[in-house]
Amino acid sequence: MTALRRFFFLAVGLFLALPLIVVAGVSINEKQTLAFPPQGFSLSWYGEIFANDEWRSALFASLTLAATSAALALLVALPLAWFLWRRVAPWANIFQLLGVAPFTLPPVITALGLLTFWATSGFYGQPWTAVISHAIFFVTLPLVTLSLGFSAIDRSLVEAAATMGADDRTIFRTVIFPLILPYMVSGYAFAFVLSLNEYIVAYMTVGFTMETLPIKIFNALRYGYTPTMASVTVFFLAIAALVFGAIARFGDLPKLLGAMTSDR
């Protein structure tokens, strides 16, 4: 029975990994073709991401958008999560619902709403609108991780600090902040990786005025297929694996994902 279970999980894992294997194989083609199995071996298509001005600009735009929007999402989620933790009231759940609503809706619905807002306000096509839009769309991720972090704090520590004369600012800086810092980092990392790969919201808010890597891939498809597209995909997967691997190595990943842990 154990051997059958192992075979089943191996087969499922292989089935899920097949698209990644195909994409990785295509990315090392020696010729400019999307053939699989690969015809020859070459890593030149990975160098094309950095050597080609268009691909390099798209990479820089994607990294800039992901870094700034994730930081903005964290700045919005932190005071909101702290407020929800301190104010235990039924009406406070309305703010939590507003925080998770953009991410729970279908992406195209959120993108259309943002498109309508920016077009009506006259700011459509400005690069900074994509930063705000992604921050709104992904604020749920740091909000969830921070809410988990705040829920794990022993309130007696806060009460002890207040009893000793510490004000709210001192309590947050010396007691709360060190405890929730891992949750801040993980929330930022989750928002960063997903923003890096997001296409619909970015396309709806800035169109072609700011060409991120996902938008660049879509535009390049109009002129043909090259292994560079596959190499970009593998590059994205490597970044995601590196970020999530670091979280799993240095943080409590099951707890960050909402799993209940027991000390006993």
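Predicted model: local features only at pLDDT ≥ 70, side-chain atom pairs only at ≥ 80, totals over all residues.
Phe 177 has a partner. Phe 172 and Phe 177 form an aromatic pair, and the pair is tilted, at 6.3 Å centre to centre with 50° between the planes. Is Phe 172 buried or exposed? Phe 172 is buried, because its relative accessible area is 17% and buried means under 20%.

Now the wider count. How many aromatic pairs does the structure hold? The structure holds twelve. One of them joins Phe 50 and Phe 235, an edge-to-face pair with 5.9 Å between the centres and 85° between the planes. This pair links distant parts of the chain: Phe 50 is in helix α2, residues 44-51, Phe 235 is in helix α12, residues 227-250, and the two are 185 residues apart. Phe 50 counts as partly exposed, at 44% relative accessibility. Phe 235 also counts as partly exposed, at 23%.

Rings also form a cluster here: ring pairs link Phe 117, Trp 118, Phe 123 and Trp 128.

Lys 216 lies over the face of Trp 55, at 5.3 Å from the ring centre.

Last, the surface. A nonpolar patch there has about 990 Å² of accessible area together, and its members include Phe 8, Phe 9, Leu 14, Val 22 and Phe 36. Where does Val 22 lie? Val 22 lies in helix α1, which covers residues 2-26. Val 22 is partly exposed, with a relative accessible area of 33%. Patch residues need over 30%, so Val 22 at 33% passes that cut-off.

Definitions and conventions
Residues numbered from 1 in each chain as written. Heavy atoms only, no water. Patch = residues over 30% accessible without salt bridge, like charges linked within 9 Å, V, L, I, M, F, W, Y side chains within 5 Å. Areas by Shrake-Rupley, 256 points an atom, 1.4 Å probe, with all protein chains shown as cover. Salt bridge = Lys/Arg side-chain N within 4 Å of Asp/Glu carboxyl O. Helix = DSSP H or I, 4+ residues; strand = E, 2+ residues; numbered from the N terminus. Buried < 20%, exposed > 50% of the residue type's maximum accessible area, 1.4 Å probe, protein only. Phe/Tyr/Trp six-rings, centres within 6.5 Å; stacked < 30°, edge-to-face > 60°. Lys NZ or Arg CZ within 6 Å of the ring centre and 35° of its normal.
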